[in-house]
Amino acid sequence: MLNDRTSPLSLLATRRSGRPRDMAAPGPDASQLDAMLTIAARTPDHGKLAPWRFVIVGADQRDRLAEVITSAYRADRPQAARLEIEALQGFARQAPTLVVVLSSPKPESHIPLWEQELSAGAACMNLLHAAHAMGFVAGWLTGWAAYSDAVRDAFGAAPARIAGFVFIGSPSQPLEERARPDLGQTVSHWGG
């Protein structure tokens, strides 16, 4: 069973993201989303900088987000084909709930930028864990829009960057397991 909530360890051992395009209503209500974001903010954060921001994109704002993304894409790629544009428009409209997570580093701090960026990634992961623990399914996507300065500017300003688009909803179909890394290939013991 994926996203088995019978214990914290079983949830971590069976956690599986959902595909945002396969998510359906209901998504979390306002109080559930607040709880998820509170949990997401309980992430390792050297220096207590909170070098991340959460931007909720409401259902009534998805058309506007699609416009921002497609306009930025067309400016970057004037020869974009119709199917490319349709895919970007669909991206903005996936799943009932969307949280854009920004890596929002504090360059004036003595804490290394890399540590601040890792904290933003940990905040994304905590948001996924919180959503799954509350019985929803979530997916963390990047893609072209995450690397576009024009899209980023709709949510914040440099040096902030989009760490990810976190979509949350209910699964419309059973989740499928995917191949996991072979620990023999990813774990070693230091020989000193």
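Biologist: Is Thr-14 buried or exposed?

Modeller: Keep in mind that this is a predicted model. Thr-14 sits in helix 1, residues 8-14. Its relative accessibility is 18%. Buried means under 20%, so Thr-14 counts as buried.

Biologist: Which residue has its backbone oxygen 2.7 Å from a polar atom of the Thr-14 side chain?

Modeller: A polar contact needs N or O atoms within 3.5 Å. The distance here is 2.7 Å.

Biologist: Now the rings. How are the planes of Tyr-73 and Trp-144 set, stacked or edge-to-face?

Modeller: The structure holds 4 aromatic pairs, and Tyr-73 with Trp-144 is one of them. Their centres lie 4.9 Å apart, with 85° between the planes. Angles over 60 degrees count as edge-to-face, so the Tyr-73 and Trp-144 pair is edge-to-face.

Biologist: Why does that pair tie together parts that are apart in sequence, and how many residues apart are they?

Modeller: Tyr-73 lies in helix 3, residues 62-76. Trp-144 lies in the loop between strand 4 (137-141) and helix 6 (149-153). The pair therefore ties together parts whose separation in sequence is 71 residues.

Biologist: What is the angle between the planes of Phe-91 and Phe-165?

Modeller: Phe-91 belongs to helix 4 (residues 82-92) and Phe-165 to strand 5 (residues 161-171), so this pair ties together parts 74 residues apart in sequence. The ring centres are 5.1 Å apart. The pair is edge-to-face, and the angle between the planes is 90°.

Biologist: What is the relative accessibility of Phe-165?

Modeller: Phe-91 counts as buried, at 14%. Phe-165 counts as buried too, and its relative accessibility is 0%.

Biologist: Which residue do ring pairs link into a cluster with Phe-91 and Phe-165?

Modeller: Ring pairs join Phe-91 and Phe-165 into a cluster.

Biologist: Last, the cavity. How many charged residues are in the lining of the largest cavity?

Modeller: The search finds 1 cavity of 30 Å³ or more, and the largest holds about 120 Å³ of space. Its lining has 13 residues, with Gly-18, Arg-19, Asp-22, Pro-174 and Leu-175 nearest the centre. The lining includes 5 nonpolar and 4 polar residues, and the number of charged ones is 4.

Methods:
Residues are numbered from 1 along each chain as its sequence is written. This is a predicted model: local features need pLDDT of at least 70, side-chain atom pairs count only at pLDDT 80 or more; totals for chains, interfaces and linings use all residues. Side-chain values use heavy atoms; hydrogens and water are left out. Rings of Phe, Tyr and Trp (its six-membered ring) pair if their centres lie within 6.5 Å; planes under 30 degrees apart count as stacked, over 60 as edge-to-face and the rest as tilted. Helices (H or I, at least four residues) and strands (E, at least two) are DSSP runs, numbered from the N terminus. Buried means under 20% relative accessible area, exposed over 50%, partly exposed in between (1.4 Å probe, protein chains only). A polar contact is a pair of N or O atoms within 3.5 Å; within protein, one must be able to donate a hydrogen and the other to accept it, and residues adjacent in sequence count only if both atoms are side-chain atoms. On a 1 Å grid over the protein atoms alone, a cavity is a set of points where a 1.4 Å probe fits but cannot get out, and a pocket is an open set with protein on both sides within 12 Å along at least five of seven lines; lining residues have an atom within 4 Å of a point. Grid points are joined across faces, edges and corners, and a volume is the space filled by probe spheres set on the points. Ala, Val, Leu, Ile, Met, Phe, Trp, Tyr, Cys and Pro count as nonpolar, Asp, Glu, Lys and Arg as charged, and the others, Gly among them, as polar.
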